[in-house]
Amino acid sequence: MTDQFPTLPAELLPADGRFGCGPSKVRSEQIDAIVQGASGIIGTSHRQAAVKDVVGSLREGLSELFSLPEGYEIILSLGGATAFWDAATFGLIEKKSGHLSFGEFSSKFAKASKQAPWLEAPVVVEAEPGDAPAPQAIDGVDLIGWAHNETSTGAMVPVERPAGTDALIAIDATSGAGGLPVDMRNTDVYYFSPQKCFASDGGLWFAAMSPKAIERIEKINASDRFIPAFLNLQTAVDNSRKNQTYNTPAVGTLLMMDSQVKWMNANGGLDGMVQRTTASSDILYKWAEAREGATPFVTDPAKRSLVVGTIDFDDAIDAAKIAKALRTNGIVDIEPYRKLGRNQLRIGMFPAIDSQDVEKLTKAIDWAIDGGHANA
């Protein structure tokens, strides 16, 4: 028997009820971009001008969004961030890597490096979920990696180039790119996916790469190390410079993302997007601090993400029932990350999400609690 919940009052209903942490809310204009490309772009060769023009527009738009320094390039390929971790073990790490690990996703690059038999065992600096270690130099490594935003917990770590190291700095920006502040001079590889801040579909990875990173890729590729063709970063660099990918890309994803990047640049660029995510996260965290029975999971305000908010609840409140009650009313995907196993909600606050909707979401949660729909 399914739970039955009353109808949420109309004045508490967000204009858009999608608050997922990826896939995320897609603006209607992005769907329009697919429709507009239906006959001349979708279903045509990705080696020809129509699709290559979209890739070129997207690479130029991302370069503008991130104010790329001289010599940095936008590189893309297939497979998402998971494929990029494996590609990096083949093509970015020479001998040994160091990692900051503070949640499910920040630990996965470290795990991939540890499992690669051609590499030395990585150095891993860990923090408990809900916290995060500070960027730091790590002796004896040629690459240091961490997540800009830990999607599973909502912890955020700044992008800084630690003093005392010449290692490559590789930042997993899967859910942070486009919604968190970044100075690209502080990183050599800033890689991300389309389905978070860029409100598109998955299946591709993008990376802003420095000349130093591209030189490393060239050096390893010229060595005798075996590199699978699909995971060869030199192949990704070579194809990206031609505005194409090694394999056929998801063209609909490219069209949606290109539309989103154009919208971002037209609305203040990265600074404008950070203003949007800051406004939304301020609303959420201030509400949680004031709400009886609720508290932000990340206790240090400086480490609280602007794009993924996690809120813990006392035992008297059942967060799963809140999520169910609101889902029946069209507010979706606020459940916590499953492997954490906490009595909490996880709320996406990506640039496409309006802060007014986050405000209404908090009132809808109050309705679920105060109306007795979330009693444990």
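Student: What makes strand β8 and strand β9 count as paired?

Tutor: Four bridges join β8 (residues 189-192) to β9 (residues 204-209). Pairing needs at least two bridges, so these strands pass. They run antiparallel. Keep in mind that this is a predicted model.

Student: Which residue of β9 is the bridge partner of F192?

Tutor: F206 is the partner of F192.

Student: What holds paired strands together in general?

Tutor: Strands of a sheet pair through backbone hydrogen bonds, either parallel or antiparallel.

Student: Where do β8 and β9 stand in their sheet?

Tutor: The sheet is open and has seven strands, in the order β1-β9-β8-β7-β4-β2-β3. Its pairing is mixed.

Student: Why are β1 and β3 called edge strands?

Tutor: β1 (73-78) and β3 (123-126) each have a single partner strand, so one side of each is left without a neighbour in the sheet. On average, neighbouring strands here are turned by 20° against each other, direction ignored.

Student: How do you know that helix α2 packs on this sheet?

Tutor: Look at what α2 (residues 49-65) touches: β1, β8 and β9. Touching means heavy atoms within 4.5 Å. The direction of α2 makes about 130° with that of β1.

Student: Which strands does helix α4 lie across?

Tutor: α4 (residues 106-115) lies across β2 (97-101), β3, β4 (143-147) and β8. It runs at about 150° to β2.

Student: Why is α5 called oblique to α6?

Tutor: Their packing angle is about 125°. Roughly perpendicular stops at 115 degrees and roughly antiparallel starts over 145, so this angle falls among the rest, which count as oblique. That makes α5 oblique to α6. The axes of α5 (residues 211-221) and α6 (residues 233-240) are 9 Å apart.

Student: Which residues meet there?

Tutor: I217, E218 and N221 in α5 meet L233, Q234 and V237 in α6.

Student: How do you know that the span of α7 agrees with its residue count?

Tutor: α7 (residues 251-266) has 16 residues. At 1.5 Å a residue, they should span 22 Å. The end C-alpha atoms are 23 Å apart, which agrees.

Student: What makes α7 mostly covered?

Tutor: Of its 16 residues, 13 are buried. Buried means under 20% relative accessible area.

Student: What makes β10 and β12 edge strands of the other open sheet?

Tutor: The order there is β10-β11-β12, with antiparallel pairing. β10 (294-296) and β12 (344-348) each pair on one side only. The twist averages 25° from one strand to the next.

Methods: Residues are numbered from 1 along each chain as its sequence is written. This is a predicted model: local features need pLDDT of at least 70, side-chain atom pairs count only at pLDDT 80 or more; totals for chains, interfaces and linings use all residues. Side-chain values use heavy atoms; hydrogens and water are left out. Axes are lines fitted to C-alpha atoms, for helices over the stretch in contact, and angles run from 0 to 180 degrees between N-to-C directions. The expected span of a helix is 1.5 Å times one less than its number of residues. Buried means under 20% relative accessible area, exposed over 50%, partly exposed in between (1.4 Å probe, protein chains only). Angles under 35 degrees count as roughly parallel, over 145 as roughly antiparallel, 65 to 115 as roughly perpendicular and the rest as oblique.
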